Amino acid sequence: MDSSKLCYICPECSASVVWSLVSGKRGASSRIICTNNPEVSKADWNKHKAIFCFWTGVVVRQRDGSVKLFDSDGVSYIRGVSRNT
Ligand SMILES: [Zn+2]
C-alpha cells in the first residue's frame, strides 16, 4: 500500500494542524495546535479573514516511530485525510 501523505485537520474548524514532536521515544507526547491558533498565524495573519481557533490536541509517539493524534481529551483520534494533489 502506498503510504500517501496524511493531513490532519482540526476538528473545530477543519484547518490543518501543526505540532512539533522532537523526541522519537515511544510515548513521548506534544501539544498540537490548529493553524488558526494565533500562536502560529502571527506571521501571516490576515485581518480580513481572521479566524481564531483555540483547539488543542495531543500527539503521541508510537512504538513503531509513527505518531497518533488525539483530541484534547486524549482519547478521541484525529483522523488523517489523504491529500492526493
Ligand atoms: Zn481549528
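## Arg-31 and its surroundings

Arg-31 counts as partly exposed, because 13 C-beta neighbours lie inside 10 Å. The scale is set by other C-beta atoms within 10 Å of a residue's own: 20 or more means buried, 12 or fewer means exposed, and partly exposed falls in between, with C-beta atoms placed from the backbone. Arg-31 sits in strand β3. Strands here are DSSP runs of E with at least two residues; helices are runs of H or I with at least four; both are numbered from the N terminus.

Leaving aside neighbours within four places in sequence, Arg-31 is in contact with Trp-19, Thr-56 and Val-58. A contact requires C-beta atoms, placed from the backbone, within 7 Å. Phe-70 is 39 residues away from Arg-31 in sequence, yet the two C-alpha atoms are 9.6 Å apart.

## Model and confidence

This is a predicted model, in which local features need pLDDT of at least 70 and side-chain atom pairs count only at pLDDT 80 or more, while totals for chains, interfaces and linings use all residues. Residue numbers start from 1 along each chain as its sequence is written.

The protein chain averages a pLDDT of 85, and 82% of the residues score at least 70. pLDDT is the predictor's confidence in each residue, on a scale from 0 to 100. Confidence is highest in β4, at a mean of 96, and lowest in helix α1 (residues 38-41), at 75. Where pLDDT is low, the predicted coordinates should not be read in detail.

## Overall layout

The protein chain has 1 helix and 6 strands. From the N terminus, the order is β-β-β-α-β-β-β. Of the 85 residues, 11% are buried. Among contacts between residues at least 6 apart in sequence, 45% join residues at least 24 apart.

## The sheet

Four strands form an open sheet in the order β2-β3-β4-β5, with antiparallel pairing. The edges are β2 and β5 (67-71); each has a single partner strand, so one side of each lacks a neighbour in the sheet. Neighbouring strands are turned by 30° against each other on average, direction ignored. That angle is taken between axes, lines fitted to C-alpha atoms (for helices over the stretch in contact); angles between N-to-C directions run from 0 to 180 degrees.

Strands pair if DSSP finds at least two bridges between them. β2 (residues 17-19) and β3 (residues 29-34) run antiparallel and share 3 bridges. Trp-19 has Ile-32 of β3 as its bridge partner, and Val-18 stands opposite Ile-33. On β3 and β4 (residues 56-61), 5 bridges make an antiparallel pair. There, Ser-30 is bridged to Val-59 of β4.

## The nonpolar core

The largest nonpolar core holds 6 residues: Cys-10, Val-17, Ile-32, Ile-33, Cys-34 and Val-59. β3 gives the most, with 3 residues. Such a core is a set of buried Ala, Val, Leu, Ile, Met, Phe, Trp, Tyr and Cys residues joined through C-beta atoms within 7 Å.

Ile-33 touches Val-17, Val-18, Glu-39, Val-40 and Thr-56, not counting residues up to four places away in sequence.

## The loop at Ser-14

Ser-14 lies in the loop between β1 (6-8) and β2. Its phi is near 70°, a positive value in a residue other than glycine. Ser-14 counts as exposed, because 11 other C-beta atoms lie within 10 Å.

Technical notes. Two residues are in contact if their C-beta atoms, placed from the backbone, lie within 7 Å.
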